[in-house]
Amino acid sequence: MEKLQNFINGKYCEPIGGQYIDNYEPATGKVYSLIPNSDERDVELAVQAAEKAFPIWSGMSVEERSEILVRLSEGIEKRMDEFVAAESKDNGKPLSLAAHVDIPRAVSNFHFFATGIIHFSSESHYMEGVGVNYTIRKPIGIVGCISPWNLPLYLFSWKIAPALAAGNCVVAKPSEITPYTAYLLGQVAKDAGMPDGVLNILHGLGGSVGDAIVKHPKIKAISFTGGTKTGEYIARTAAPMFKKLSLELGGKNPNIIFADCDFDDMLSTTLRSSFANQGQICLCGSRIFIERTIYDKFKTAFVDKVSKTIVSNPEDPKAKLGAVVSQSHMEKVLSYVDLAITEGGKVLTGGERVILDAPYENGYYLRPTVIEGLAYDCRTNQEEIFGPVVTITPFDTEEEVLMMANSTQYGLAATLWTSDLKRAHRMADKIDSGIVWINSWLVRDLRTPFGGVKASGVGREGGLEALRFFTEPKNVFVKY
Ligand code: NDP
């Protein structure tokens with residue numbers, strides 16, 4: 001069986017402890033590779049390599065760093081088919097999704113920050129008759145990047161690319177559930193001419209190797225994407241060490257539909273915003289609020305479309321949904337369907353596991369699920385499910401829907417459907433979230449601030465926000 005390895009100091013290597021963990025293929029439920037069960041000793045090796053590499057990498061001109069990162073981006077593009085197949089196999093997502101979203105976006109992430117860093121500038125503040133302040137932005141040093149399993153290389157590269165572009169050395173850990181494309185990335189970085197020790201990729205469990213990254217005193221900043229509970233633990237651990245922290249956490253996003261919207265556009269987009277990537281995108285709209293005058297029309301049309309949505313193995317070009325990421329995640333999602341029923345919800349479609357023909361009979365497939373009849377403040381409507389499950393709820397007034405939309409602990413993203421421009425702006429202003437899409441969903445411009453409020457996180461990624469996070473500003477004053 002294939003054994004993945006850590007990538008430290010420009011070389012693939014075994015974990016010091018010699019321990020490995022099973023890596024499952026969600027489409028079949030079978031183990032198909034082994035990944036290093038790394039620990040603090042591997043983190044120490046990676047930090048030593050990064051420490052040696054930092055003066056070399058941060059001392060290069062911005063143009064030299066940019067060229068290496070552009071080559072890295074092109075390196076992924078050249079191996080597109082291999083990366084696409086690996087992502088789909090590791091995560092269970094349809095091959096077409098990995099080909100159209102995940103891997104192209106990883107290519108763009110590196111290209112965007114490789115070129116963005118050339119245009120990055122800092123401020124000066126002139127004090128009339130007194131002098132001038134200018135701000136220098138320097139790389140932090142060694143930074144830790146920890147990412148989740150839902151969009152593996154997409155989110156891994158979203159952190160690593162700005163960290164490297166800004167001149168930092170990186171110790172990174174992908175989710176243990178989806179390590180494969182991060183494993184491939186080491187070789188691509190090497191081929192792009194990245195100096196040894198600049199990018200170190202460690203595999204293993206969050207509680208051991210992830211924790212060791214967060215606790216290492218020489219790792220000065222942590223960029224983390226994952227669940228809110230893990231984020232809370234990381235904040236508690238890192239804050240007393242005065243580490244810089246960027247936390248992108250969970251969501252329970254509202255999708256608010258007014259009667260005056262473009263119905264067909266809304267319907268097809270709502271299908272995607274509910275179930276893309278099996279509903280395992282932090283930006284999916286899992287609470288759908290519909291103005292009462294079109295509730296029945298929406299319900300009939302939506303349930304009809306959802307019930308016809310094809311769930312199949314990731315290689316099937318007809319598959320709209322593939323497998324969810326793991327057996328335990330599948331069980332968690334199904335337990336929320338049971339909870340919804342005990343809370344008085346009615347399952348309009350879905351709510352069950354799908355058993356496909358061999359060799360996929362043990363894969364983790366779920367039918368997309370629509371539930372109605374739940375109170376806005378019940379657990380099903382307040383807790384993150386992170387799977388192909390949405391609830392539908394009618395509303396009568398803007399005030400009522402705003403109250404329900406803002407009622408959760410989360411505040412990551414929201415979607416609004418209306419043709420009334422004034423209402424769109426008014427609502428966007430009042431929704432508690434870091435991102436609002438109006439008459440659209442998941443349209444991404446990499447320059448914009450990305451992140452959430454409340455329990456959805458601290459700080460923003462994307463564009464200048466990311467480059468600012470990965471640099472330390474120093475103000476210099478010169479007296480006239
Ligand atoms: P987790 O919080 O379980 O894990 C995220 C990463 O952190 C994984 O690499 C995990 O490792 C690691 N980890 C776990 N425990 C620790 C620890 N004590 N110290 C350091 N690292 C640790 O999240 P999931 O992987 O389950 O991802 C799903 C979550 O991510 C959802 O809540 C979703 O909303 C959120 N998310 C947020 C996004 C955003 O931009 N706001 C985007 C995408 C997802 P391992 O897997 O090996 O345990």
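Predicted model: local features only at pLDDT ≥ 70, side-chain atom pairs only at ≥ 80, totals over all residues.
Helix α7 (206-215), strand β11 (219-225) and helix α8 (228-238) are the elements that give two or more residues to the shell around the ligand. Domain 1 (2-249 + 456-479) and domain 2 (253-445) both contribute to that shell, so the ligand lies between them.

**Shell around the ligand**

- The ligand is surrounded by 32 residues.
- S147, T230, L249, C282 and E384 are the closest of these residues.
- Sorted by class, the shell is made up of 15 nonpolar, 12 polar and 5 charged residues.
- Helix α7 supplies the largest share of the shell, 4 residues.

- K173 places a polar side-chain atom 2.9 Å from an oxygen atom of the ligand.
- In the side chain of E176, an N or O atom is 2.8 Å from an oxygen atom of the ligand.
- G206 takes part through its backbone, where a polar atom is 3.2 Å from an oxygen atom of the ligand.
- On its own the ligand has 900 Å² of accessible area, and the protein covers 88% of that area.

**Backbone geometry**

- Most residues other than glycine have a negative phi, and most peptide bonds are trans.
- N9 is not a glycine, yet its phi is positive, at about 55°.
- The loop that holds N9 runs between β2 (6-8) and β3 (11-13).
- A358 and P359 are joined by a cis peptide bond, with omega near 10°.
- P359 sits in the loop between β16 (353-354) and β17 (365-366).

**Points to check in the structure**

- Which two domains give residues to the shell around the ligand? They are domain 1 and domain 2.
- Which element gives the largest share of the shell around the ligand? That element is α7.
- Where is N9 placed? N9 is in the loop between β2 and β3.

Methods
Residues numbered from 1 in each chain as written. Heavy atoms only, no water. Near = heavy atom within 4 Å. Polar contact = N/O pair within 3.5 Å; in protein donor to acceptor, adjacent residues only side chain to side chain. Areas by Shrake-Rupley, 256 points an atom, 1.4 Å probe, with all protein chains shown as cover. Nonpolar A, V, L, I, M, F, W, Y, C, P; charged D, E, K, R; others polar. Domains from an automatic or database assignment.
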